[in-house]
Amino acid sequence: MRGNPPVLAKTKNILVLNGPNLNMLGVRQPEVYGSDTLQDIAKACAAKGKALGLGVDFRQSNIEGELVTWIQQARGRDAGIVINPAAYGHTSIALLDALTLAELPVIEVHLSNIHRREPFRHSTYISQIATGVICGLGAQGYLLALEAMANLVTPKKAR
Ligand code: DQA
């Protein structure tokens with residue numbers, strides 16, 4: 001047989017990580033973070049991923065080391081990482097180091113506009129290595145991040 005065998009497209013997987021206290025969305029300061037629960041956001045991300053042809057692995061942890069381990073495991077396995085690091089974004093060099101060693105496109109998401117809030121929220125370690133940062137758009141920020149990720153991880157010819 002001549003020519004190349006048909007290339008079977010492998011679904012690209014995006015790891016969507018959520019940091020501490022985001023499991024309390026829905027009841028946690030809805031005037032700041034909105035009324036969607038994390039489960040609502042997970043469902044919306046799964047649907048968006050399906051529409052974009054991406055696999056979505058959506059996780060939350062209150063434990064910094066668990067997030068670090070998940071990021072390490074994404075290296076060489078996943079196509080990109082969307083992360084709402086929550087408060088760890090403002091404090092965690094360990095998350096910054098893990099995201100750096102993952103060598104993947106990273107989109108940082110915050111539900112609230114961190115720049116309109118207390119000064120200690122204005123900067124994050126992760127934004128130093130993030131491909132892009134989305135904040136202030138509530139749950140929609142996750143969906144926009146997945147759209148941007150689809151463009152980042154899909155070769156131009158295939159689009
Ligand atoms: C947050 C903003 C952080 O400053 C805060 O600590 C959070 C949530 C957001 O999504 O707006 O826990 O990441």
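Start by selecting Asn21, which is found in the loop between strand 1 and helix 1 (30-33). Keep in mind as you go that this is a predicted model. Asn21 is partly exposed, with a relative accessible area of 39%. Now look at its backbone: phi is positive, about 75°, although Asn21 is not a glycine. Most residues other than glycine have a negative phi.

For another example, go to Glu103, in the loop between helix 5 (93-102) and strand 4. Here too phi is positive, near 50°, in a residue other than glycine. Glu103 counts as exposed, at 60% relative accessibility.

**A buried aspartate**

Next, select Asp78. Asp78 is buried, with a relative accessible area of 6%. Show the side chain of Arg77 as well, and you will find a polar contact of 2.8 Å joining it to the side chain of Asp78. Leaving out residues up to four places away in sequence, Asp78 touches Asn13, Leu15 and Leu104.

**Into the core**

Now colour Ile14, Val82 and Tyr142. These are the residues with the most contacts inside the largest nonpolar core, which has 23 residues. Two or more residues each come from strand 1 (12-18), helix 2 (38-52), strand 2, strand 4 (106-110) and helix 6. Which element gives the largest share? That is helix 6, with six residues. In soluble globular proteins, nonpolar side chains tend to be buried together.

Stay with Ile14 for a moment and display what surrounds it. Setting aside neighbours within four places in sequence, its contacts include Leu54, Val56, Ala79 and Val82. Leu146, Met149 and Val153 are also among the residues that Ile14 contacts.

**Rings and a charge**

Tyr142 is buried, with a relative accessible area of 1%.

Arg59 lies over the face of Trp70, at 5.1 Å from the ring centre.

**Two cysteines to finish**

How many disulfides does a search of the whole structure find? It finds zero. A disulfide is a covalent bond between the sulfur atoms of two cysteines. For Cys45, the nearest cysteine sulfur is that of Cys135, 17 Å away. Why does that rule out a disulfide between them? The sulfur atoms would have to lie within 2.5 Å, so a separation of 17 Å leaves Cys45 in no disulfide. Cys135 is likewise in no disulfide, and its nearest cysteine sulfur is that of Cys45.

Technical notes: Residues numbered from 1 in each chain as written. Predicted model: local features only at pLDDT ≥ 70, side-chain atom pairs only at ≥ 80, totals over all residues. Heavy atoms only, no water. Buried < 20%, exposed > 50% of the residue type's maximum accessible area, 1.4 Å probe, protein only. Lys NZ or Arg CZ within 6 Å of the ring centre and 35° of its normal. Core = buried A, V, L, I, M, F, W, Y, C linked by side-chain atoms within 4.5 Å. Helix = DSSP H or I, 4+ residues; strand = E, 2+ residues; numbered from the N terminus. Contact = heavy atoms within 4.5 Å. Polar contact = N/O pair within 3.5 Å; in protein donor to acceptor, adjacent residues only side chain to side chain.
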